[in-house]
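Subject: A structure for you to look at

Hi there,

Here is the structure I promised to pass on. Have it open while you read my notes below.

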Amino acid sequence: MTNRKNLRIDPDRLWDSLMEMAKIGPGIAGGNNRQTLTDEDAEGRALFQTWCEAAGMTMGVDTMGNMFATRPGEDPDALPVYMGSHLDTQPTGGKYDGVLGVLGGLEAVRTMNDLNVKTKHPIVVANWTNEEGTRFAPAMLASGVFAGKHTQDWAYDREDAEGLKFGDELKRIDWVGDEEVGARKMHAMFELHIEQGPILEAEGKDIGVVTHGQGLNWLEVTITGKESHTGSTPMHMRINAGRGLALITELVHEIAMRHQPNAVGAIGHIDVYPNSRNIIPGKVVCTVDFRSHLQEVIDAMIAEFDERAPKLCADIGVEMSWEMVGTFDPPAFDEGCVKAVRDAAEELGYSHMDIVSGAGHDACWINEIYPTAMIMCPCVDGLSHNEAEDISKEWAAAGTDVLLHAVLETAEIVE
């Protein structure tokens, strides 16, 4: 019988693969610029395919460009267990965001091959197209089509800042596959990812067992005052929409702090009118972002905002209105898959804690149709979406070891 505790990935081989992929689409400050459907994306895809085929896997590609490398299982009727994430990056992205999950999956398969480990279920390593959404909005686009959240026609019509369409660019780089999107079936899926936050490093934990993703509600708030001269309007006669923005900004922070833990709130996008240095703002339009892994917490934060914000504005003589402009329900990952991750961390002796993903991931969409879980490893200072993003070889190895064991538990080792 296989002693599973002895099953460990090759940390040096994984790290070498990460560094080799990072040579494609280098950034200007040590990171990467490998945006989706660029020539650099095509080159990264080709390298990944070469590595997968060298590991004995067969590559399938669907009409959204999602890549699926398959290692056969012993039972031809068993549904596959998936691993994966994304190879595309932000314009000033790091070397590990997404990439660790794809190449960690590849390393897990290489380790199975090295140790001649056979599984009942096939194993698939996926590269999901356009997770970042930085060139073609929204994020998690292709996994969203796979999960039935968007239509392919709608996705193909997404345009970048230069007016180029997703479908045209996918065809241009020659990565339109012949598989129908979403036709594949899964037994389960696991996504390894860097945390993109500071919690694991601060707590000294090797592994984050992701139990939930954050849901969000975006409120577009309009504050209306009266434009007037900044020099000649007496202070007591000003109807300053900018002051309303300041009060609401502090209120959003206060509400989020009141609903700790795992609740956040901020104002991100702000438009000030007329945005002139010598005119008191007559109107401000801003977006309030409330997030939590519990919908009832999001609802409570919005209710408090709706009760208090209008009064704060009225007290200083400005008007306020808001409307909901975006929602994303908080995903709770599959309990069985989460347990497989937690058990793997404990079996391997890695310190771990339950954690909520503060960012969206392809796993969030797949979780709506198949059992899914995520594994997180720390990143230095919680920094991500930044060329200075950094992890250690040991963190990468620990996360990939846990991925390997969780997948083997789910895919069932055949002795």
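The buried residues of helix 8 are covered by elements that include strand 8 (215-224), strand 10 (263-273), strand 12 (283-292), helix 9 (295-315) and strand 13 (319-328). Helices (H or I, at least four residues) and strands (E, at least two) are DSSP runs, numbered from the N terminus, and buried means under 20% relative accessible area with a 1.4 Å probe, protein chains only. This is a predicted model, where local features need pLDDT of at least 70 and side-chain atom pairs count only at pLDDT 80 or more, while totals for chains, interfaces and linings use all residues. Residues are numbered from 1 along each chain as its sequence is written, and side-chain values use heavy atoms, leaving out hydrogens and water.

Which residues of helix 8 are buried? They are Ala241, Gly244, Leu245, Ile248, Leu251, Val252, Ile255 and Ala256. These residues sit on the same side of helix 8 because they cover an arc of only 130° around the axis (the arc of the directions from the helix axis to the C-beta atoms).

Now for the sheet: four strands form an open sheet in the order 10-12-8-13, with antiparallel pairing (two strands pair if DSSP finds at least two bridges between them). Strand 10 and strand 13 are at the edges with a single partner strand each, so one side of each has no neighbour in the sheet. Strand 10 and strand 12 run antiparallel and are joined by nine bridges. Ala266 is opposite Asp289 in strand 12.

Enjoy exploring!

Definitions and conventions
Buried means under 20% relative accessible area, exposed over 50%, partly exposed in between (1.4 Å probe, protein chains only). Contact means heavy atoms within 4.5 Å.
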